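Please keep the sequence and the model at hand while reading.

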Amino acid sequence: MAKKSGSKKSSSKKVETNVNSPVGQTTVAKTESRKYNFLIRTIWTFIMIGGFFAVLASGHIWCVFLVLLCQIAVFMECIAVTSGSSREKNLPLTKTLNWYFLITTIYYLEGSSLFRFIEPAFYRYPILRVIVDNHKFICYCFYVFGVVLFVCSLRKGHLKFQFASLCITHMVMLFVVAQAYLVTKNILNGLFWFLLPCGLVIVNDIFAYLCGITLGRTKLIAISPKKTLEGFLGAWFFTALASIILTRLLSPYMYLTCPVKDLNTNFFSNLTCDLNSVFLKQDYKTPPFISERYGIDVITVKPIYFHALNLATFASLVAPFGGFFASGLKRAFKVKDFGQTIPGHGGITDRIDCQILMGSFTYLYYNTFVSERGITVDSIISAILINLDERQIVEVLLRLSKKLYEHELLNKKEFKTIGDVYSKCVERL
């Protein structure tokens, strides 16, 4: 009995020693740290989700601003990661030139898309008309001036660093800023083309992780050893399924499916339009083996479901390589995250590395297979206001009136009245 008692006492003392040992304290500290990081990550996940839906409801212009802020943040993070030694260089103009080229590129890309929304101001502010008419030439002059500044800033002993910095800046503008511009175009084509691709990438990321930890056996790519082939393919199935569900949830709302004509539009606006035919039900003949066996000759479905499946395939099989590219960049410069912009999540780049590639594909897919390229009244009016002066616009009105008169849609008196209005306008000009 004495031996047993002594044995228990010795055992309890041994456990107590392990808990209070430095190793035990380190283990407890790590556990508490993981719990804290998980809590912070969860809180900020809900903050991001809530903020994202708030921006969607606020309107198209705020979605454009969100994309603009994200591309600036990604640019800053990539430049910071790839130019860590710049602090050791006494070259303050290097950072200034990075910002200069970024602003010039954004102005060139975004300006060309947003000018059509400020047409009413063309004639109130003549200087604005000059800026719009000469947009490309002005941007070219800005860029050339930046090149001149760069050459003037070159210093012996730092040439390799300076040219490397210039190359990195242009590569980031190509991979990030130019593709983010296409995301902006998706927003203007309809929030559906912005929201669906974002949702598909998120779903794919979640199920790649879940399928990977449950079924994963085969490594997918060396640069990301935790990625598995089973997780990659499993995520494809669930992303395809999610594309059907998300399309069913999003497509009934005109606020999401209509192209934007007024940037002041928001969720509470009564936005209506003639829907793109992909959002309207169409009849499709079934293959002979289905019609003969089941007696179903025709199925009625919206074409958008087929397009959503194609987007899901890209989100599953190609978009993840945007993340692998970012992982390779981080490994090359030996950093864990691109930044600490989002607590618990790292930098903005860590969250949207796949979204940028997905957004550019969506824009090209939309314009190739979905966009209705027919000339519309809005596109004609926009072209007239941007490219013609006041006298030419009045002449267009007179010629259109003449055509209406020739087709007997206007009588002689009405046509003469329009002619008198034309004469008075010409005199004023």
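In this predicted model, His 135 belongs to helix α6, which covers residues 135–153. His 135 is buried, and its relative accessible area is 5%.

**His 135**
- When neighbours within four places in sequence are left aside, His 135 is in contact with Tyr 107, Tyr 108, Gly 111, Ser 112 and Phe 115.

**The disulfide**
- The structure holds 1 disulfide.
- Cys 258 and Cys 273 form the disulfide, and their sulfur atoms are 2.0 Å apart.
- The S-S torsion of Cys 258 and Cys 273 is about -85°, so this disulfide is left-handed.

**Other cysteines**
- For Cys 141, the closest cysteine sulfur is that of Cys 139. The two sulfur atoms are 9.3 Å apart, which is too far for a bond, because a disulfide requires sulfur atoms within 2.5 Å.
- Cys 141 has 35% relative accessibility and therefore counts as partly exposed, since that class lies between the 20% and 50% limits.
- Cys 211 has a relative accessible area of 7%. This places Cys 211 among the buried residues, because buried means under 20%.

Note on methods:
Residues numbered from 1 in each chain as written. Predicted model: local features only at pLDDT ≥ 70, side-chain atom pairs only at ≥ 80, totals over all residues. Heavy atoms only, no water. Buried < 20%, exposed > 50% of the residue type's maximum accessible area, 1.4 Å probe, protein only. Helix = DSSP H or I, 4+ residues; strand = E, 2+ residues; numbered from the N terminus. Contact = heavy atoms within 4.5 Å.
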